[in-house]
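Trainee: Could you walk me through how to read this model? I'd like the general idea each time, and then the case at hand.

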Amino acid sequence: MTMETLPFLLEIGTEEIPDWMIPDALENLRLLFEKLAVPHESVAMDATPRRLVLRAEGLPAKLADSEERVMGPAKSAPPQAVAGFARKQGVKPEDLAVETTPKGEYYSFTRQVPGRRIKDLLAEALPGIILQIYFPKTMYWTVKSGPRFIRPIRWIVALLGQDIVPFELAGVRSDALTSGHRRLGAREIAITTADYVERLRDHYVILSAEQRREKIRRELAGMPVKSDPALLETLVYITEYPTAITGNFDSQFLALPEEVLITVMRHHQKYFSVEDGHGNLAPKFVAVMNIPSDPQGFVQRGNERVLRARFNDARFFWETDQKKTLAGRIPDLAHVTFQAKLGSYLEKTERMKALAQDLGGDVHAIRAVELSKCDLTTELVKEFTELQGVVGGLYARVQDEPEPVWQAIYDQYKPESMEDRIPRHRAGQIVSLADKLDTLRGCFRVGMIPSGSRDPFALRRAAQGVVKILVEGKIELPLHQFLENNQALLDFFADRVKFYFKDHRGFAYDEVNACMAAGWSDLVDLEARLERVQNLRPTPDFEPLAASFKRIRNILEQAKFPGAGEVHEGLLEPGPEKDLYEEYRGIAGQPIENVISRLRPKVDLFFDKVLVNAPDARVRQNRLTLLQTLLAEFSTIADFSEIVTHS
Amino acid sequence: MPSFQEIIFKLKQYWSDRGCIIQEPYDVEVGAGTMCPETFLRVLGPSPYSVAYVQPSRRPADGRYGDNPNRLFKHSQLQVILKPAPADVIEQYLGSLEAIGIDLRQHDIKFEEDNWEAPTLGAWGIGWQVMLDGLEITQFTYFQQCGGIDLDVVPAEITYGLERLTAFLQVKDSVFDIDWTKNFTYGDVRYRDELQYSVYNFEMADIPTLWKLFELHEGEAARLLSLYDPKSPDKQRFPLLPAYDQVLKCSNLFNTLDSRGAISVTERVGMIQRVRKIAVAVAQAWADQQSAAAEEVAQ
């Protein structure tokens, strides 16, 4: 007979949790529950801004009974000791068993331990589990010594089958009462594990994030909205009953740059923007509200008014900013601090200019650098800081700066992530490089070096951007020369280069190590070599040759070979040694791809037949020289001994 | 359609019905209702306190000569402090919106993460901006720290932007067009303030004079604070409230100097530190003074 199993429901009712923290918190709660020694068949997680929910199926009412064996005194022990042990176990001495152990015979007693009731176990564990859920920032809401959570906990549902799992947390007692939508649902709703989801639905809460997402998607279908998965996720987790509505704005605002309009709609208002048939912005938006309908149009009109006010502000700033050109703002940069130890933005601009020249920037790049930070003094950027760079570019355009200049200013913060594109033209790439390199050099110089998760100046992203621009912009520059001989910075970059080629480009880690060991200052060259090694790798001769190179390296290292000198032909032994040398002479200077199939058998044969460690010191020296020469010839592409081989 | 002042009456009545002391605005210029002693000092210590007041709040840099329909040098906040925060505090807040005629079943209300911080006061809290049909109408904060002190009891602070809220209710695109009463618009009452203070703050304030005043007030605060003796049996008499007024004066002068463009970015950080230093010192002395007072009452 199978034991009856029970469903378990935990709902932590809170005030509104920041949307972006919810998925991680749920996963964390699931892990904490899984760690509990409570058998179950399945676990499902759900959440809205006001509730974190765990539902598990198939829990037993109690844990299985078990036996616990307690060892007592040795058989030879005095009777009082034996009696004492028996008394402690609550039995008579004659009920004790005798066990033979490697150390001799001992009394023992096997105790029957009844399995704990799951309800008790959960009641004991849940308060701790709930408070252990990780959140990036927590608060207290009762008294200083009170519990900490992401937001105040206001109710808790904890049901095992039909029973409440009783516990108290932050003055809240677990119960079988949930709470509906803040204004459309009841404040207290009696539920069971069976009707929980349905009852919530009756009270305007769609528990499943997936269903909320689908509802929004369905309502967006047919509207040409700009796809925005991140915004969609935000809206899924900021609502309990999402409904999309469409609003309009005056088409005269379309005269403002699209970037500004989209920023206002997306970042400030959480609206989707809408396209017309030609990929341009339409004077419409889609908002997602937390109620099922807007029959009177209140919500639509309210949002339209807010947007109008926001757009009016933006236009006001745009027009105000035009009263002073970007070039006219250069002196103002002296009053904008870049970083206390690194001076003003004017000083940064000067340093960037020198860097851009060293990086081979043309007149457009230099002009763009001069104007690049001026938008920090504009009203529009003060209002919409996320548009720095973009606004400068747009102003440069209307102020008749040449196209390469305004585009370079526009693109200067790109790439903002590994997925983002690099600046579209060389001038922009140079400005971006100069900016990032200056920041990196400056911060490393004054000791502001990222550690662990602390990276307030986003230096990892900056260095990653430098790598991406150099490689994808095909800029052949000796990166190391721009790192001021700063070992920490060099190491920092080495990590970024590895990360880029390995995680972003998908090269194998040993290929990356092998190619970087042959040099990584010119990243374009490094990429070319990586591609060659990657192509070479599946060929049949590659692995054996890599293994041979590893062997050569080991031999040279063991011999502490200094690595100088020429091969003396006269000392070469006819046969495999001479053949290898002849082969080398014939193929030197050719790409390894063309010669690998010819070289490999000669190397194999050499190791098969020739003793490197010859008794004659001169012959030995000559053989080591031959191997060294061979290794050097083919190590300009990669240090093949770094390749992990299976032989 | 309720007028500006009717909305204020209704909100005050609503919070009065829920046990709040209704205070009048503080009589020293402040940048926000939080800075009034009724909030800044009263949130310290374990004693319960609930209070609501309208506070005209001066933000010199936000002035726009009365030209911008949504920006004001001086706006009005309704500040509500509930200490300790009741468990149904958000329900109570939503009820206040219904009390001024907003049917929340027909409007979209959202709580968006927004943690408040005031570096000059050594104060911060966790909370939200409350969005009504896409408009931010309230800042809701659970105070965690004030004057650099972890609070014994967590108060809820509810700050309503009254002009915005009224513009929303009266369906007006410009705050200057809202009806203060049936016969007077907001612009009739406040336009001159906006124009003249913008002129003063941006153009005519005498920078050396403001610096001198800042230093005088800072000096007076520091002088008083240096005289506070936690061991003195007479410390209940000690004028910490007047010392705090000096802090408020400094804060406002700092903001005015800032809007006048007289403070470089580098100086800014130092100035914030200077104000913070005396603000924190007052808070600490106050906490000491009041805990002693509480003990006396207990005995």
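Mentor: Let's start with burial: in chain A, 37% of the 647 residues are buried, where buried means that 20 or more other C-beta atoms lie within 10 Å of a residue's own, exposed means 12 or fewer, partly exposed is in between, and C-beta atoms are placed from the backbone. This is a predicted model, in which local features need pLDDT of at least 70 and side-chain atom pairs count only at pLDDT 80 or more, while totals for chains, interfaces and linings use all residues. Residues are numbered from 1 along each chain as its sequence is written, with chains lettered from A and ligands numbered from 1 in the order in which they are written.

Trainee: What percentage of chain B counts as buried?

Mentor: For chain B, 46% of the 299 residues count as buried.

Trainee: Is chain A a compact globule or more spread out?

Mentor: Here you set the radius of gyration, taken over C-alpha atoms, against the globule rule, which is 2.2 Å times the number of residues to the power 0.38. Chain A has 22 helices and 19 strands; these are DSSP runs, helices being H or I with at least four residues and strands E with at least two, numbered from the N terminus. Its radius of gyration is 36 Å, well over the 26 Å from the rule for 647 residues, so chain A is more spread out than a compact globule. Its C-alpha atoms fill a box of roughly 95 × 95 × 50 Å along the principal axes.

Trainee: And what does the rule say about chain B?

Mentor: Chain B has eight helices and nine strands. With a radius of gyration of 20 Å, close to the 19 Å that the rule gives for 299 residues, chain B is as compact as a globular protein of that length. The box for its C-alpha atoms is roughly 60 × 50 × 35 Å along the principal axes.

Trainee: Which domains does chain B have?

Mentor: The bounds come from an automatic or database domain assignment, which gives domain 1 (4-201) and domain 2 (205-298). The centres of these two domains of chain B are 24 Å apart, taken over C-alpha atoms.

Trainee: Now a sheet, please. How do I read strand order?

Mentor: Strands of a sheet pair through backbone hydrogen bonds, either parallel or antiparallel. For two strands to pair, DSSP must find at least two bridges between them. In chain A, one open sheet of three strands runs in the order E15-E17-E16 with antiparallel pairing. Its edge strands, E15 (243-248) and E16 (272-275) of chain A, each pair on one side only. E15(A) and E17(A) are joined by six bridges, and Thr243(A) sits opposite Met289(A) in E17(A).

Trainee: Which helix lies across E15, E16 and E17 of chain A?

Mentor: That's helix H5 (residues 209-220) of chain A, running at about 35 degrees to E15(A). Axes are lines fitted to C-alpha atoms, for helices over the stretch in contact, and angles run from 0 to 180 degrees between N-to-C directions.

Trainee: Is Met265(A) buried or exposed?

Mentor: Met265(A), in helix H7 (residues 258-268) of chain A, counts as buried because it has 25 C-beta neighbours inside 10 Å. Leaving aside neighbours within four places in sequence, Met265(A) is in contact with Tyr271(A), Ser273(A) and Phe285(A); contact means that C-beta atoms, placed from the backbone, lie within 7 Å.

Trainee: How many residues does each chain bring to the contact between A and B?

Mentor: Chain A brings 35 residues and chain B 34 residues. On chain A's side, H8(A) gives the most, with 11 residues.

Methods:
Two residues are in contact if their C-beta atoms, placed from the backbone, lie within 7 Å.
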